[in-house]
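Biologist: I want to learn how to read aromatic pairs in a protein model. Can we work through one together?

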Amino acid sequence: MRELAITIFSAFLFFLLLFFSFIGIQQTTTRLPFFYYSSGLIINVGEDNKDLWGKKAHKDDLTRFEKRELSAFDDYYSVRILDEEGNYKAREFKLVQFQKLEILNVFYFDLFLAFFTLIAAVYFYYSTRDGLIFAFFFNLGITLLTSIFILAYRNSIFPFFFSLYIGAFLNYHLIYRLRGKEIPSKWLLPQMIIAFVVAIVASQETTDMALLEKMATIAHGLNATFGLVSLGMNFSDLIRIKPQNEALFKRISLLISIGLYISLPISLIFFNGHPWFFAPRYLFFLTYVLFIITFFYGTYRYTFVPSFVIFTPTIITIVLVTLTAGLYGGIVLILDFVFPVPYLKDRWFLNLLFLLILTSYLIPIKLKTKQWIDYWFFEKNKTLSRGIDKITELISSPITMRKTILSINRTVMETLNVSNIIILIPGDQFARTDLRNINFMRIPSQSEIWNYFINNDRVTVTSHLEYGIGLRETLYNFLKGLGVQLAFPAYDLSSSKKNIKAMILLGEKADKKYFSIGELKFINEVVKISGMLLENYSLLEAEIQKRKIVRDIQTASIVDNTLRLILPSEIKNIEYGYISKPAVGISGDYLDIIPVSSSKMIILLGDVAGHGLGTGFLVSAIKGIVREQLRNGTSLEGLFREINSFFRARYKGNEFMTLLGGVLDSKEKTFKFINAGHLALLEMEQNGNIITHPKTQRVLGIMETDYQAQELRLQSGTKLFLFSDGITETFGENEELFGEESLIEFLHFHDDLSVREIPSALENKILQFRGSKEQTDDITFIGLSFREN
């Protein structure tokens, strides 16, 4: 309450500043003893001319009066007045001096209404942060204030007509807002340009009363038209939805409010320019206050939800409108100063030229402005930048999808300081997956709430739904019950259409502040990443569900080449043991042991991206390439180059493979090997000490590469271990990672076992570590050693 009082007091000071700024630029003027609109309608007369109230003066007489120089004024001026019989009769009026501050005495009633409207605007902004309703009432206050100065001093034409037309367009946007719909903000820029151009024309033709009347009538007509449309659509909703109890009273109150608002422009247009049939001014006052009260009551539940969001496109639009208006005004002022008066008659040429230039450069300017806003509001914010960097690191980390999503959710909550984050998905998605404890929520795919999300295809602000009843009321209660402030759609990135895969629901900020432009940009980036993760999650689940089918595929040639390792005959003084277990029916790990001579063998262990039947074909093809090249006497370096060329020629960088392979020579006791992006080779000395050889070269399939071999000189009893990432990236029941350290610890503990015994012991260890969790990646491990002579 204290903050509201401060806000209202600040608004009062602003109103006084605005008012006295207007007063400060005015001059004492000689004028007729009555005030009139451009239509000739006489209002606000003094005690001596009460019989003129609501009558019309001849516009030609008023136009001649406006065009006269002040120094040429006489004591009296003749004006024709329309009488009850429809005839104009001339009357002589004594001219009066109108002092600056006399406006306070004459227009105190109107000034109070202008201030009251400003207070209403401040209240709506404080309660809702709703930029549209705030702008509507603030603009209405400016219209009232500037109309006073037009009547009193015949100036402020530009702000009056600008606010008059903008008010009509804001009324158009209320058609959507008052029914809980999103606002078509793409029309905001052309609407503001139209209002600006009209205001410029009006300010240049201040003495043409007939033209000003026509322009004002058009604005009143637009206002009345949009108001009638809003009235009709809200009434249609009332009949169709049939709300009950409080919802019914709210809807009726809103209809009354809209009707009261459009009564003034309708009376100005259709009843000979006389508002409300010559109604007393106190009745106008009561009607206006009743309009404010009924509008408030019709929307009061909405005003208690402080979560309106101004998105970046709206900010860009406002910036562009401001720049465009300033540029146009500057050009007009310069040309008016440089060129002679006849130029004013051909201003249409300038307007057309400016419109063509604006059309050509508006889109590039908008894109550049968006980049500038993104940089200053997002990239320069260290908290948001660190949050995005952390999320990017999480995606590339070797952890499960479940743990990745949990970590991302936690990072978002910490970065934005929000109470919660929920991923809402349809019930048929991830149907067989346990989604407990990872902030997922399933909802029936045929439910009206989910259908609302997929049909609206936009960000949903919980507070914007407060006006609605029926489905919108149901959705509001659903989101409010979850403590959700914003709902962002995450799209299916694999589809060319904008299909919504999930809704990312964000709770209210803990500090009760509102999302900044940078934070909204951060959320947008996180939603894109979430959509990608969900797509990967879907693919993984689909792959797992295919396991039973894949296991039943009897593709003899593939199974024979990928699962059943053709062992070489005994190689002198070399001992080895291995395990190879695919995650699905066919392995994506490539293991090959090939004898070269009586004392040499080639060992190759690689990992093709993916799992399943497709990678099985690749493994089979690679085995064929390897054997063909070895028959042709290709060296180890040449073998790697050939496999790399095969991937690049066939898959154009879309498929790749890691590979660790080398020649083990029992006679020379050496291991000459190449590591193309694979995990490190482990060397265990006789005393149990383990040496890691992590040096690698480029992954196969990416770029043309000149692979170079490394060579190790070994002792009898030395053991070598090659393994795939299915070993180190095995996850336990509590989502902990087995990791390379656990593997090394296991080898240390079992250094007394032979290389034939270690693989089976490791397999038991992994099974024990994994518990009830299923295997999610191919597992391959091989141990090598020299026997004593």
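Biologist: How many helices and strands does the chain have?

Modeller: This is a predicted model. The chain has 24 helices and 21 strands. Of its 789 residues, 51% count as buried.

Biologist: How many aromatic pairs does the structure hold?

Modeller: The structure holds 21 aromatic pairs.

Biologist: What describes a pair of aromatic rings?

Modeller: Two values do: the distance of the centres and the angle of the planes. Now take F65 and Y77. Their ring centres are 5.2 Å apart, and their planes stand at 65 degrees. Planes over 60 degrees apart count as edge-to-face, so this pair is edge-to-face.

Biologist: Where do F65 and Y77 lie?

Modeller: F65 is in helix α2, residues 59–67. Y77 is in strand β4, residues 76–82. The pair therefore ties together parts that are 12 residues apart in sequence.

Biologist: Is F65 buried or exposed? And Y77, buried or exposed?

Modeller: Buried means under 20% relative accessible area. F65 has 6% relative accessibility, so F65 counts as buried. Y77 has a relative accessible area of 9%, so Y77 is buried too.

Biologist: What kind of pair do F646 and F647 form?

Modeller: An edge-to-face one. The centres of F646 and F647 are 5.7 Å apart, with 75 degrees between the planes. F647 is buried, at 0% relative accessible area.

Biologist: Which residues do ring pairs link into a cluster?

Modeller: F136, F137, Y261, Y288, F291 and F295.

Biologist: What lies over the face of F786?

Modeller: K669 does, at 6.0 Å from the ring centre.

How values were computed: Residues are numbered from 1 along each chain as its sequence is written. This is a predicted model: local features need pLDDT of at least 70, side-chain atom pairs count only at pLDDT 80 or more; totals for chains, interfaces and linings use all residues. Side-chain values use heavy atoms; hydrogens and water are left out. Helices (H or I, at least four residues) and strands (E, at least two) are DSSP runs, numbered from the N terminus. Buried means under 20% relative accessible area, exposed over 50%, partly exposed in between (1.4 Å probe, protein chains only). Rings of Phe, Tyr and Trp (its six-membered ring) pair if their centres lie within 6.5 Å; planes under 30 degrees apart count as stacked, over 60 as edge-to-face and the rest as tilted. A charge sits over a ring if NZ of Lys or CZ of Arg is within 6 Å of the ring centre and within 35 degrees of the ring normal.
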